[in-house]
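Morning, everyone. I have one model to walk through, and I'll keep it short. Please look at the structure first.

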Amino acid sequence: MTVRTVSLKNVSKLPECSSYLLHFTSLYFHVCLLFFCQGVSCLWNHDGNPVDGISINNRLQEFTKELKANPKYLQDKVKQYFKDNPHKLTLVMRPDEDYDKKLQEEENTRLSAIRSTLSEEDKMQLHKRGLELLEKQMCTEDLSCLPTIHVADIERDIVRVPTTIHHASSGVPIYCCAQPTNEITYLNLLADTSHLPDDLKPYLPLFTDILTKMGAGIWNYKELSQLIDLYTGGLGCSIFMSNHHTESNSYEQCIRLSSHSLERNFDKTLDLWQNVISRPNFSDKDRLKTLIRMIASDMASSLPSSGHMYAMGQASSTLSPSAQWKELFSGVTQVNMMKTLAELDDVDEVVAKLEQIAGHVLNFKNVRVSVNATEEAMESTVHKLDTFLQPLSQEFSTERVLVNDSKFQPHSKQTHIELPFTVNYVSMSVPSVRYTHPDSSRLTILAKILSSKFLHREIREKGGAYGSGALSGDNTFNFFSYRDPNSLQTLDVFDRAIEWAVSGQFTDEHVNEAKISCFQQIDKPVPPSSKGLAYYLHDLTDALRQANRDRIFATTKEDLVQVANEYLHRSAAKPTGIALLGPHLPSLAEDSTWNILKS
């Protein structure tokens, strides 16, 4: 809808217009109070009265009064600030197929011009300054003058979050976490998808992306969207996968439904979910085509900004069964699939696939629910959920469904995905251990040390990449570089990083800094909407979390050298995944050990 259309259409006469605006503002106000509204702090920083920034009721009353006095109040404001506003900039961007080539030619021309003005003495001086920079990069900085926190200052016990489990009359477990949510109810629902046939699973990401954006029951997608905006802060659907904290090669595969709404609108929220779950509508093919093209475009656009994540997903996909599925659902494989679907003129087959998926996963034979709400509203919320979940009383299982791919064999693979980029995204992955394994926390600490004490210096400062690091989790240990001008050289740096760790070229102080970094991540503030989710989503009890915390405190330098040698040191017997996203490399084109994919 263009600015001109809005300025002419009498939108203020629509009965839901003011209700929607009032609901949106009220919900936004409740959420922002939890984190102190940025608008208030901005007003305060510019010598305004912060109380004015949170006087939402006064603003709503003024708005309602103006709308009653002038039915075209909104149109007038659109004209004033958008249509008739002379202060504007119109920017038109047009693609150029030769952009990269022209950019490289321009850079070469500028470099040649600079070189032509340099004398031999200037060149010697530049070389000298380069050597001085290299020497400075290798020096150990004296950080003793900086204020710091010590490991001894950190609380040794976890922060426990009381969570109670109620069972609905249908048997569905409801994880209840009473929190000061400011009268907002947060709902999560996990439904098992492990039984979905393999030929349908590639379409599962598309299904979750569009489930709440098509239509449901008697509503088309526009009507459903208006109702969602009117009564909720959004209905979300996504794929959820979690490795089991103790059993090797076991993982959970689900879809996750999530929403939040004001307490007074929770009935309406459940009604919307009831229609979306029981009566999804995929028949609007034009809408489906639009959504597919939007998703494909968004995924393609995410490659430059998230290339390191795609590289790590590709590298780890041959090392564990869950990583293999994650790559299919959210990796380059999924990007290519969405590109293929976006080019289809006939989506009848896609519609059929989506309807089959709905029949398999929305019958909810295995499901669990979590709700975060105020203590005052919790009892009524659970009662409403019990009514909502009653249809699930038949053929329902309360046990978490764990997939165990005992036949999966990790194997080495080197993949180069050619993309029209001028930089590279490089990753190397090796198998690691599950959450409860004694070495899990040690590998996490080692990843912190490698990231800050070796990889940053060698890849970022010396190599010129935008970023680099190491991550441990989900049963894999991953090295990565981000927007890297180098490619195969970075793989050599990864190998040197391993040798650096195996030889113990780090100090006890580095170990303590890494521990503090781990605790910074573990102990970061958790909003009321997310408290208790570690238990609900991953079955991480307080005892498991405390044991992990204790292991971090107890880790020594010798422990880190031992795990570096055991898990990171490369050999023919240890599978290793390597992925490289970036421009064509002639040296790899004739190398049979590399799998070349042209995207």
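Helices and strands here are DSSP runs, numbered from the N terminus. A strand needs at least two residues. One caution: this is a predicted model.

With that numbering, L187 lies in strand 3.

Let's start with the overall layout. The protein is divided into two domains. Domain 1 covers 164–306 plus 321–404. Domain 2 covers 411–598. Their C-alpha centres lie 31 Å apart. The contact draws 30 residues from domain 1 and 25 residues from domain 2.

How much area do domain 1 and domain 2 bury between them? About 2,300 Å². Of that, 56% is on carbon and sulfur atoms.

Now the polar side of the interface. The rule finds 21 residue pairs in polar contact across it, both residues at pLDDT 80 or more. It also finds one salt bridge between the domains. Separately, take K326 and D474. Their side chains meet in a salt bridge, 2.8 Å from N to O.

Which elements give two or more residues to the side of domain 1 that touches domain 2? Strand 2, strand 3, strand 4, strand 5, helix 12 and strand 6. Helix 12 runs 285–316. By type, the residues on that side divide into twelve nonpolar, twelve polar and six charged.

Buried or exposed? L187 counts as buried, because its relative accessibility is 5% and the cut-off is under 20%. Leaving aside neighbours within four places in sequence, L187 is in contact with several residues, including F266, L270, W273 and V369. L257 is another of its contacts. L187 and L257 sit 70 residues apart in sequence, yet their C-alpha atoms are 8.0 Å apart in space.

Last stop: T318. Where does T318 sit? In the loop between helix 12 and helix 13. Helix 13 spans 321–330. T318 has 6% relative accessibility, so T318 counts as buried too. Not counting residues up to four places away in sequence, T318 touches F408, Q409, P410, H411, K413 and G577. Look at H411 in that list. Its backbone oxygen lies 2.9 Å from a polar atom of the T318 side chain.

Note on methods:
Residues are numbered from 1 along each chain as its sequence is written. Side-chain values use heavy atoms; hydrogens and water are left out. Domain bounds come from an automatic or database domain assignment. Contact means heavy atoms within 4.5 Å. Buried area is the accessible area (1.4 Å probe) that two parts lose on being put together, summed over both. A salt bridge is a side-chain nitrogen of Lys or Arg within 4 Å of a carboxyl oxygen of Asp or Glu. A polar contact is a pair of N or O atoms within 3.5 Å; within protein, one must be able to donate a hydrogen and the other to accept it, and residues adjacent in sequence count only if both atoms are side-chain atoms. Helices (H or I, at least four residues) and strands (E, at least two) are DSSP runs, numbered from the N terminus. Ala, Val, Leu, Ile, Met, Phe, Trp, Tyr, Cys and Pro count as nonpolar, Asp, Glu, Lys and Arg as charged, and the others, Gly among them, as polar. Buried means under 20% relative accessible area, exposed over 50%, partly exposed in between (1.4 Å probe, protein chains only).
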